[in-house]
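Please look through this briefing with the structure open beside you. The points below are grouped by topic.

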Amino acid sequence: NYQSGPLSFEFNYMGKKLICNSGYFQNTRHQLNLISKSSVAQSTMIIENKSVSNFVRQSNGIKYVDKTFKVFDKKIVCDKKKWILAGSHDGYFKSHGIIHSREIVYFPKEFIIKGNDNIIKKNNFKSNDFEIRFHFHPDARLTKTIDGKSILIEFENSGWRFGCDNEIIGLETGLYFGKKNLYSENQNIYLEGKLNNQKCSIFWEIKKI
């Protein structure tokens with residue numbers, strides 16, 4: 001039942017998930033099960049559209065994890081002013097020469113989330129395309145601004161703005177598996193770009209407006 005979403009996160013507002021992962025389709029013999037387990041269905045970074053973990057089908061029809069990874073440099077700090085969640089993983093190290101490091105800082109009084117996805121390149125680094133995905137609950141309504149630099153979010157009678165200055169921001173329809181063996185449409189934000197030999201840090205922000 002493992003889902004491959006290292007460093008993914010979810011965010012609740014008014015007791016309901018606003019940012020989420022796509023959920024889990026429990027029927028292990030259905031193709032949607034594998035989709036729900038893949039990294040692209042989680043709110044995290046994906047390299048070359050490849051899942052961090054591989055899943056191999058055994059003779060009994062069940063798919064098992066075939067590749068493991070390590071999560072390290074974990075940091076959790078919480079006080080009244082801000083929360084800091086940070087960590088790194090090496091799931092793309094052998095295949096792409098990449099360490100993914102993520103830091104999320106949340107300011108609870110202001111309802112502001114600031115994120116930094118940092119790509120650390122090693123000796124066997126290969127130039128690759130990347131995506132960072134943010135999946136939203138089906139009740140959220142997302143609209144891209146005319147200038148293409150922000151996404152406006154309407155949820156539970158509240159308004160939010162997602163922004164990232166340096167990357168291409170996209171908005172698309174996805175699948176949400178929040179109920180057992182059922183799915184519904186949701187929306188997700190993605191940031192996309194290409195990794196080169198320079199240091200790569202992607203800063204993004206979500207705030208209540």
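Helices (H or I, at least four residues) and strands (E, at least two) are DSSP runs that are numbered from the N terminus. This is a predicted model, in which local features need pLDDT of at least 70 and side-chain atom pairs count only at pLDDT 80 or more, while totals for chains, interfaces and linings use all residues. Residues are numbered from 1 along each chain as its sequence is written, and side-chain values use heavy atoms, with hydrogens and water left out.

**Strand S8 and its partners**

- Strand S7 (residues 83-89) pairs with S8 in the antiparallel sense over 7 bridges, where two strands count as paired if DSSP finds at least two bridges between them.
- Within S8, Tyr106 is the residue that stands opposite Trp83.
- Strand S9 (residues 112-121) also pairs with S8 in the antiparallel sense, over 10 bridges, and Lys114 in S9 is the bridge partner of Val105.
- S8 and S9 form a hairpin with 4 residues between them, and Phe111 in the turn has a positive phi of about 55°.

**Positive phi angles elsewhere**

- Most residues other than glycine have a negative phi.
- Glu156 has a positive phi near 50° and lies in the loop between strand S12 (150-155) and strand S13 (158-163); Glu156 counts as partly exposed because its relative accessibility is 37%.

Terms used: Buried means under 20% relative accessible area, exposed over 50%, partly exposed in between (1.4 Å probe, protein chains only).
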